[in-house]
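Biologist: I would like to learn how to read a model of this kind, one feature at a time. Could we go through it together?

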Amino acid sequence: NLSRRLTAVASYIPKSSILADIGSDHAYLPIYAVENGLAKAAIAGEVADGPFSAAKSSVTAVNLQNVIEVRKGDGLAVIHDSDQIECITIAGMGGALIASILSAGKDKLTFAKRLILQPNVAAHFVRNWLVDNDWELITEQILEEDGHIYEILVADRGEGKKPYAQMEKELFFGPFLLKEKNPIFRKKWAREKKEWERIYKQLEKAEATEAIREKKQELLRNIQWYKEELSDET
Ligand code: SAM
């Protein structure tokens, strides 16, 4: 049974897509996508030996070798123009890593119309990359599973539209998530705020170097944003 997190990621794959799942590990996502008609063909990309072998075994076990090709390589390097990949999923990594994979593989996005990205942390790196590279965020989802809170970002190739009024803050929280402010979103940021305050207190005790001053500024800004958007007291 596919996790709720990956099922949610898969739900944004347009029906019958040609899919690339990057950092596929056991290839659970492309297998599910093919078995459910979301993908008509898929590539499972993996950079590491163990997960690469695991992906190969899973695909063979369900006898889908003709439809899902497991390739070894770094990020989008496993994609070739001749694959005509339409949809790319990258799930279960940090936001900074996802953004760097996309940056390094920009020329692999020729046929891509949709990106579904699920950063475990620091989603704002991914949103910033999308805005800077003319991808339009079309929806976001936040969900909790086994005590972890996950965000899913769905983007379509845009025409450089930048639809967010307060860019920085919206890209930090996520424009769709910020509008909705559902209980999981509130829980996530309440946790984060506690952490920011804890770190701030620690830094108060540290020597005030330039880097520390900058970090403290950033934490204060985050706490301020939290108060503006999520504090119950007025
Ligand atoms: N996508 C699956 C999921 O969401 O359950 C697996 C997530 S797993 C935590 C992250 C996987 O990404 C690992 O198997 C790792 O080897 C792979 N990975 C990390 N960096 C990568 C890169 N640059 N290119 C391809 N795969 C990468």
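Biologist: Which strand gives the most to the shell around the ligand?

Modeller: Before the answer, please keep in mind that this is a predicted model, in which local features need pLDDT of at least 70 and side-chain atom pairs count only at pLDDT 80 or more, while totals for chains, interfaces and linings use all residues. Residues are numbered from 1 along each chain as its sequence is written. Strand 4 gives the most to the shell, with three residues; strands (E, at least two residues) and helices (H or I, at least four) are DSSP runs, numbered from the N terminus. A residue is near a molecule if its C-beta atom, placed from the backbone, lies within 6 Å of it. Of the 16 residues around the ligand, those that come nearest are Gly 23, Asp 25, Pro 51, Ala 91 and Gly 92, and the elements that give two or more residues to this shell are strand 2 (39-46) and strand 4 (87-93).

Biologist: How do the residues of the shell around the ligand divide by class?

Modeller: Ala, Val, Leu, Ile, Met, Phe, Trp, Tyr, Cys and Pro count as nonpolar, Asp, Glu, Lys and Arg as charged, and the others, Gly among them, as polar. Here the shell has eight nonpolar, five polar and three charged residues.

Biologist: At what angle do helix 4 and helix 5 pack?

Modeller: Axes are lines fitted to C-alpha atoms, for helices over the stretch in contact, and angles run from 0 to 180 degrees between N-to-C directions. For helix 4 (residues 95-104) and helix 5 (residues 123-132) the angle is about 25°, and their axes lie 6 Å apart. Helix 4 and helix 5 are therefore roughly parallel to each other, a term for angles under 35 degrees. In helix 4, residues including Ile 98 and Leu 102 take part in the meeting with helix 5, where Phe 125 and Trp 129 are among the partners. That contact has eight nonpolar, three polar and no charged residues.

Biologist: What angle is found for helix 8 and helix 9?

Modeller: Helix 8 (residues 183-205) and helix 9 (residues 210-230) pack at about 145°, with axes 10 Å apart. Their contact divides into 10 nonpolar, one polar and five charged residues.

Biologist: Which domains does the assignment give?

Modeller: Domain bounds come from an automatic or database domain assignment, which here gives domain 1 (4-173) and domain 2 (184-230). Their centres, taken over C-alpha atoms, are separated by 30 Å. Seven residues of domain 1 are in contact with six residues of domain 2, contact meaning that two C-beta atoms, placed from the backbone, lie within 7 Å.

Note on methods. Angles under 35 degrees count as roughly parallel, over 145 as roughly antiparallel, 65 to 115 as roughly perpendicular and the rest as oblique.
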